[in-house]
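Here is a friendly walk through a structure that may be new to you. Please keep the view open beside these notes and follow along point by point.

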Amino acid sequence: MTETVSDYTYFRSCIKSGDTIAIKSKSIFGKGIRLLTGDQYSHVGIAFWEGTRLLLAEMDGVKNVIVPLSQYDDVALAIYRAPIELPADIESVIWDTLGVEKHYSWVDILKVFVSYVLSGGATMPKTSNDTEICTEFNMEFYRKLGWVNTFNGYAVTPGLLCKQLGDPIIQFVPIQHK
């Protein structure tokens, strides 16, 4: 059984560069994703350390960005280890991945989720070569490092990606969310 903690400092100390962080957003959009998909989490990103700073590479609804993970310290989170062996210079690989600008719009997300609903919860067609939703961003990052997954060019929900990655190492639930 996965350990659940409410101590963000302890949770943070368990994270390694290259881990997938699953996020249970409190936004209306995040709640809508969870309602539509039945997933526990509505968003994912790739964590990495820059010195003592813990950052998250993610798609923010418009483009790929870097944010401090602490901006999510008031929502439920989970750590999923990378599905492959990561190189020692993983941080530089993350920076290189972020150097390739990717975009998507709410229209792309709507298309993906309409497809998801019409397919009965199966995988969704990839948005396009120059756009990526959050799960595609994570999968593309791992794919560049040699990960072979079962989705074969399809977009997936955060829950399907997390299922593919296995059990979370640890979960964080802020006290106000228990």
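**Notes on the fold**

1. Strands here are DSSP runs of E with at least two residues, helices are runs of H or I with at least four, and both are numbered from the N terminus. This is a predicted model, in which local features need pLDDT of at least 70 and side-chain atom pairs count only at pLDDT 80 or more, while totals for chains, interfaces and linings use all residues. Residues are numbered from 1 along each chain as its sequence is written, and side-chain values use heavy atoms, with hydrogens and water left out.

2. Now for the overall picture. The protein has 6 helices and 9 strands. Of its 178 residues, 49% are buried (buried means under 20% relative accessible area, exposed over 50%, and partly exposed in between, with a 1.4 Å probe and protein chains only). Take the contacts between residues at least 6 apart in sequence: 71% of them join residues at least 24 apart (a contact means heavy atoms within 4.5 Å).

3. What is the order of the strands in the open sheet? Its 7 strands run β1-β9-β6-β2-β3-β4-β5, and the pairing is mixed (two strands pair if DSSP finds at least two bridges between them). At the edges stand β1 (3-5) and β5, each with a single partner strand, so one side of each has no neighbour in the sheet. On average, neighbouring strands of this sheet are turned by 30 degrees against each other, direction ignored. Axes are lines fitted to C-alpha atoms, for helices over the stretch in contact, and angles run from 0 to 180 degrees between N-to-C directions.

4. Follow β4 next. Because 6 of its 7 residues are buried, β4 is largely enclosed by the rest of the structure. With β3 it runs antiparallel, joined by 5 bridges, and W49 stands opposite L54 in β4. The hairpin of β3 and β4 has 2 residues between the strands, and G51 there takes a positive phi near 65 degrees. On to β5: β4 and β5 also pair in the antiparallel sense over 5 bridges, with I66 of β5 as the bridge partner of A57. The hairpin of β4 and β5 has 4 residues between the strands, and G61 in the turn has a positive phi of about 100 degrees.

5. An α-helix has 3.6 residues a turn, so residues three or four places apart point the same way.

6. How do α3 and α5 meet, and at what angle do they cross? Their axes come within 11 Å and cross at roughly 125 degrees. The two helices are therefore oblique to each other (angles under 35 degrees count as roughly parallel, over 145 as roughly antiparallel, 65 to 115 as roughly perpendicular and the rest as oblique). I90, V93, I94, T97 and L98 of α3 make the contact with F137, F141 and K144 of α5.

7. Within α5 (residues 134-144) sits N138, which is buried, with a relative accessible area of 0%. Neighbours within four places in sequence aside, N138 is in contact with T20, V44, G45, I46 and L161. One of these, T20, has Y80 in β6 as its bridge partner, and strands β2 (residues 20-24) and β6 (residues 76-80) pair in the antiparallel sense over 5 bridges.

8. Just after α6, G166 takes a positive phi of about 100 degrees.
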